[in-house]
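Let's take a walk through a protein model together. Have the sequence and the 3D view ready, and follow along one stop at a time.

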Amino acid sequence: VRIDHITHSLHFGTDLNLNLKEETPGGPFVQAMPTERIRDQLCAFSQALQQAASLIFSEETQARLEKEKVKARKQYLKTVEDDHKALLNRKKIIENRKEFLENQEKAKRKKYAEEHRTKELKEREAEELRLKKEKEEREKEQLLKERNEMKMKIDLERLENLKKTTVGAKALADVTVDDLKELSIDDILSRQLKQMEREKQGQINTLKKQERKVHYCTH
């Protein structure tokens, strides 16, 4: 039998040859007919197939194959289950990671919003405090200005009134408005009176000296 792998077929020999070899027992003989040879070959081929089938499909072999099938099926199912679990676990990990990142982003935005709100609040409080201080300073300056104007007005009135008196006319004759800006009317009056007292004392001393001279001359 010749196996043709190209055409996927079997070729059986059909040549009819006369065997003339002397060493053949019984002398020359005619080979079997092609049909007989094909029949014999088919029979031999069938027997070989039956033997192979008995080996392949024996109970022991079938049991072993079935066992291997079961084992392979279990392994497949286990692999599928493990892969499914791994897929579910991976999906869960991805979802947890996504949720973690979302929460982290929310916390970040919340923190930023709180910091921004706190900053704005501090800036607003600082601005309000600044405006309040400026207002207080303006009010203080205005009050001081009004007080100074009122004081100046009162001092001028006192000055004019004192100048109308005999002592005041002499003591405050040279006092101007600019002098009132530096000293109070009382300070100026006190200074002038002290000056007048010194001048008076000087005059008294001069008179005493003159009296002593006159007294000396008369004696």
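**A walk along the chain**

Let's begin inside helix α2, where Arg109 and Glu105 sit four residues apart, about one turn of the helix. Their side chains meet in a salt bridge, with 3.7 Å from N to O. A salt bridge here is a side-chain nitrogen of Lys or Arg within 4 Å of a carboxyl oxygen of Asp or Glu. Glu105 counts as partly exposed, because its relative accessibility is 37%. The word "buried" stands for under 20% relative accessible area, "exposed" for over 50%, and "partly exposed" for what lies in between (1.4 Å probe, protein chains only).

Before going on, please keep in mind that this is a predicted model, in which local features need pLDDT of at least 70 and side-chain atom pairs count only at pLDDT 80 or more, while totals for chains, interfaces and linings use all residues. Residues are numbered from 1 along each chain as its sequence is written, and side-chain values use heavy atoms, leaving out hydrogens and water.

Now step back to see the whole chain. Its secondary structure comes to five helices and four strands. Helices (H or I, at least four residues) and strands (E, at least two) are DSSP runs, numbered from the N terminus. Read from the N terminus on, the order is β-β-β-β-α-α-α-α-α. How much of the chain is buried? Of its 219 residues, 7% count as buried. The protein chain exposes about 19,800 Å², and carbon and sulfur atoms supply 56% of that area. Accessible areas come from the Shrake-Rupley method with a 1.4 Å probe, and for residues only the protein chains shown count as cover.

Let's return to the salt bridges, of which the structure holds five. One of them links the side chains of Glu81 and Lys85, at 3.5 Å from N to O. These two residues both lie in helix α2, which covers residues 59-163, and they are four residues apart, about one turn of the helix. Glu81 is partly exposed because its relative accessibility is 42%, and Lys85 is partly exposed because its value is 48%.

Further along, Arg130 and Glu127 form a salt bridge too, at 2.4 Å from N to O. What separates Arg130 and Glu127 in helix α2? They are three residues apart, so about one helical turn lies between them. Arg130 is partly exposed, with a relative accessible area of 37%, and Glu127 is also partly exposed, at 34%. Salt bridges that share partners join Glu127, Arg130 and Glu134 into one network.

Patches are made of residues with over 30% relative accessible area and no salt bridge; like charges are joined within 9 Å, and nonpolar side chains (Val, Leu, Ile, Met, Phe, Trp, Tyr) within 5 Å. Tyr76, Leu77 and Val80 make a nonpolar patch of about 310 Å². Val80 belongs to helix α2, and it counts as partly exposed because its relative accessibility is 37%.

The place of a charge is taken as NZ of Lys, CZ of Arg, CG of Asp or CD of Glu. Glu136, Glu137, Glu139 and Glu141 gather in a patch of negative charge. Among them, Glu139 is in helix α2 and is partly exposed at 46% relative accessibility. A patch of positive charge brings together Lys208, Lys209, Arg212 and Lys213. Lys213 is found in helix α5, and it counts as exposed because its relative accessibility is 59%.

Our last stop is also in helix α5, which covers residues 185-218 and holds Ile188. Is Ile188 buried or exposed? Ile188 is buried, because its relative accessible area is 0%. Look for Val175 as well: Ile188 and Val175 are 13 residues apart in sequence and 8.0 Å apart in space, C-alpha to C-alpha.

Technical notes. Lys and Arg count as positive and Asp and Glu as negative; His and the chain ends are not counted.
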